[in-house]
Amino acid sequence: MISRRTALTMIAGAAAAGVVPRPGFSAPKGFSTIDLRGSIDAGAHGVIADGGDKQARKLAEIIATAARQNMPVFLPPGNYHVSNLDLPEGTRITGVPGASRLVYSGDGRMLAADGVRRIELSNIVIDGANRRLDDRSPALVHMRGIGEVVIDNCEVVGAGRTAVQLERSGGRIERSRISGAAEYGLYAVESTGLSVTGNTVFDCGNGGILIHRWTKGADGTIVSGNRILRIGAANGGTGQYGNAINLFRADNVMVTGNQISQSAFSAIRANSASNAQIANNTCLASGETAIYAEFAFEGAMVSNNIVDGAANGISVVNFNEGGRLATVANNIVRNLKPTGPYVLDEAIFGVGISVEADTAVTGNVIENVPLWGMALGFGPYLRNVLASNNIVRQAKIGCAVTVVEGAGSAVISGNLFEAVKDGALIGHRWKTPSTAELGRGDSRAFAHLTIENNRIV
C-alpha cells in the first residue's frame, strides 16, 4: 500500500513536472489526454516524425484545434516535414530544444500567419533545408499584422531567402539562433513594440537584423544583447547589404550591448533613423564603416562602443541630406585599414570618427588609423561641431577640419595628439590638405574655427 505521504509526494512531483492538468480542466474535443505542462502532445495524437504529407496535414489539424483552446502543441523529438502551414490565432508550438524540428518539404512556403493577435513558437528548430520558397514567400517564417509574435529559444536555419520576416508586428524574438539565410536573418518592417534580444545571428548572405519602415516614423524597436557574426554582402553594393544591424527610416530605436564581428560592411548602420541610441556595442572586423548614422536623421547618440578593425570607425554624416544633431562620446576606435569593400573616387577610408553638423565629439580614444583620426566637416558641410577631450595617436593626420568657403563653426579644444605623422590638426579643402599645422592655436585666418588648449606630443 502507498502511504498518504508518498501519494502526496508523487502528486506534487507530477505537478512540478507539468503533467497534471490544471484543476477543472478537460481535454479539448477530439483529444483524450493533456500532456506535458498542459500541452497537447502531437505524438500521442497520431503525428509521427518523418511521417510524410498525411502527418503534416494531421499536425496542422492539431495546431488549429489546440489554438482554439488556447493550448500549446508539444512536438516530441524528430523531424516533421511541413509546407504551406498557416498558423491560426493563438498558435503555440513548443518542443525539445535542438531536437524537435519542423523541416520545410518544399513546394510553396513554410510557416505564415496574417492578421492575428498572438503566435508563439518556442524550443523548436525551423529548418528550411535550403529549399526554394515560391515567389510570394519572402521568408521561411513570415508574419504580417501580428499583435504579439514570440519566437523564443528556437533555431531557424537553412532559409532559401530570409529566415524570419515580420510586417506591422510586435512581440519578442529572443534567445534564438538564426543562421544560414541566403538573404537576411531577421527583417522587421513597420514594427510596433518589438524586442530583439539575446539572439545569435550568423552566416547570412546579405544582412543580420534589419529594422525598417516603408515610411519614416516612430518605431521604438529594442535590439539588445545579440551576437552577430559573419554577415555577407552577396548582392554587392556600397552599403545596402552586408550590415549586421541596419536601421532604415525607423526612429527611436535602441541598439545596445551587441557583440558583432565580421560584417562585410557595417556592424551598425542607421540610415534616415532619428533618435537612434547606439551604445555599449563591440564591433570587430567590419569591412567598411563600423558604425554609421547617415542621410536624413535628426538625433543620434553613439556612446561607449568599441570599434576594433574596420575601414572607417564611426561616421555621423550627410548634412547635405539633413543628417544632424548627435553626440559621439566615450568610444574606442582602433586598428583601421585604408581600403574598403569597393572602389569609388569619392570614397574615403581609414578615418576614425567623422561628423558634420550639430554634433559633440568628446572623450573618445582613437588609435592606429591610416588617414585621419577625426574628420570635422567635408567641403561646406560643417555646422556647430565641438571636438574636445579626445585622444588621437598613431594617425597620418590627427584631425582634418574643412576650411572650404561656407563651412560653419567648429570648436576644437583640449585634445591630445600623439604620433601624428603629417600633423595634428590640418585644414582641408575636401580631401586635400590646405594649411600648415593649426593645432597650436593659430587659426586666425579661419574665422569659423576656434582652436585652443590642444596638446601635440
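1. In which sense do β41 and strand β42 pair, and over how many bridges? In this predicted model, β41 and β42 (residues 432–437) are antiparallel partners joined over three bridges, and arginine 429 stands opposite threonine 432 of β42. The hairpin made by β41 and β42 has two residues between the strands, and in this hairpin tryptophan 430 takes a positive phi near 60°.

2. Strand β41, which covers residues 425–429, is mostly covered, with four of its five residues buried. Strand β41 also runs parallel to β38, to which four bridges join it, and here alanine 400 stands opposite isoleucine 426 of β41.

3. Strand β38 spans residues 391–402 and includes isoleucine 391, which counts as partly exposed because its relative accessibility is 34%. Isoleucine 391 also contributes, together with Ile306, Ile332 and Val365, to a nonpolar surface patch of about 270 Å².

4. The structure holds four aromatic pairs. One of them joins phenylalanine 265 and tyrosine 342, whose ring centres lie 6.0 Å apart with their planes at 15°, so this pair is stacked. The pair links distant parts of the chain, 77 residues apart, since phenylalanine 265 lies in the loop between β24 (259–263) and β25 (268–271), whereas tyrosine 342 lies in the loop between β33 (332–336) and β34 (351–355). Both phenylalanine 265 and tyrosine 342 are buried.

5. Tyrosine 342 also forms an edge-to-face aromatic pair with phenylalanine 349, at 5.5 Å centre to centre and with 70° between the planes. Phenylalanine 349 is buried, as is tyrosine 342, and Phe265, Tyr342 and Phe349 form one aromatic cluster.

How values were computed: Residues are numbered from 1 along each chain as its sequence is written. This is a predicted model: local features need pLDDT of at least 70, side-chain atom pairs count only at pLDDT 80 or more; totals for chains, interfaces and linings use all residues. Side-chain values use heavy atoms; hydrogens and water are left out. Patches are made of residues with over 30% relative accessible area and no salt bridge: like charges are joined within 9 Å, nonpolar side chains (Val, Leu, Ile, Met, Phe, Trp, Tyr) within 5 Å. Accessible areas come from the Shrake-Rupley method with a 1.4 Å probe; for residues, only the protein chains shown count as cover. A salt bridge is a side-chain nitrogen of Lys or Arg within 4 Å of a carboxyl oxygen of Asp or Glu. Buried means under 20% relative accessible area, exposed over 50%, partly exposed in between (1.4 Å probe, protein chains only). Two strands pair if DSSP finds at least two bridges between them. Rings of Phe, Tyr and Trp (its six-membered ring) pair if their centres lie within 6.5 Å; planes under 30 degrees apart count as stacked, over 60 as edge-to-face and the rest as tilted.
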